[in-house]
Amino acid sequence: MAQIMEYAINKIIFFISIILASSSLDARGNYYRLDDYDANYNKLQDPPLNQEPQKQLHPSSIYKQQRPTGIQKEPDYSRREIAKNNQAANRLVGYQINPARLDYFLLGIGGGIDIYAYDEKRQISLDLYAKLGYFRYINLNAIRIYANLGGRIPLANSNPRTLSFSGNIDFLLNLKIFHIYAGLGYGSEYYTSQKFFSQGLNINLGLSKQLGRGSIDVGLAIPFYTIYTKDVIIKNNIIFLLEYSYKI
């Protein structure tokens, strides 16, 4: 009985497999079947199509036409010189750039207050002088060599009236907004009433604001010379200065 059941089941499975295989083959053939398909059609035997005439575009439509491809240029990696102007100089503080002109002839006028120690008193004199010299840029900094010639007039006191002369050299350090300067000089004073000539070193310190070719300086000079006349010590302690210079 068991063998009969097993034989029947095998027959049923075999029959179902035959049905599924036949339906699969029929579906595959239907998948590639086209409606109104003509197996005798040959496209190569079709007559050629009529070519449309080439259209003439209006000049305003030139952008619709095909343009030749652009020429491929090699990139240029060479360095460009920095524009020599004040804006570039302000942006590139600390870099090596030079103005268009480096050397100038320097003219100026100045005035100030001299504080003297005379007869154990602190008395003042008015200082007036002219400046003549040479100015040269070193990148954004500068150096100047100049001479001052003038006179010192006592202001209602017993200070001596003097004629003054000094030769100086200053270095100007650029701080973007203004220059700070420091230098040395050799100064001299001739006391007209005492008929005495005094001379020695002096130190220059201050600030300089460049205004195109002009400049305004605010600073001080510290002289190191003293005279003795009629048992009285005359010493110029310090000079406060304000001056204007022009570069020619």
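Student: Which residues make up the largest nonpolar core, and what makes it a core?

Tutor: Keep in mind that this is a predicted model. The largest nonpolar core has seven residues: Tyr 104, Leu 106, Phe 135, Tyr 137, Ala 142, Leu 172 and Tyr 181. It is called a core because its members are buried residues of nonpolar types, joined through side-chain atoms within 4.5 Å. At least two of its residues come from β1 (103-118), and at least two from β2 (121-138). A second, separate core has five residues, among them Tyr 116, Tyr 191, Ile 227 and Ile 234.

Student: What makes β4 and β5 a pair of strands?

Tutor: Strand β4 (residues 162-174) and strand β5 (residues 179-191) are joined by 13 bridges and run antiparallel. Pairing needs at least two bridges, so the two strands qualify. Thr 162 stands opposite Tyr 191 in β5. The hairpin of β4 and β5 has four residues between the strands, and Lys 176 takes a positive phi near 70° there.

Student: How do you know that β5 also pairs with β6?

Tutor: The test is again at least two bridges. β5 and strand β6 (residues 196-211) have 13 bridges in the antiparallel sense, so they are a pair. Here Tyr 191 stands opposite Phe 196 in β6. In the hairpin of β5 and β6, with four residues between the strands, Lys 195 has a positive phi near 55°.

Student: Which residues count as contacts of Tyr 104, beyond its neighbours within four places in sequence?

Tutor: They are Tyr 134, Phe 135, Tyr 137, Arg 213, Lys 247 and Ile 248. Each counts because it has heavy atoms within 4.5 Å of Tyr 104.

Notes: Residues are numbered from 1 along each chain as its sequence is written. This is a predicted model: local features need pLDDT of at least 70, side-chain atom pairs count only at pLDDT 80 or more; totals for chains, interfaces and linings use all residues. Side-chain values use heavy atoms; hydrogens and water are left out. Buried means under 20% relative accessible area, exposed over 50%, partly exposed in between (1.4 Å probe, protein chains only).
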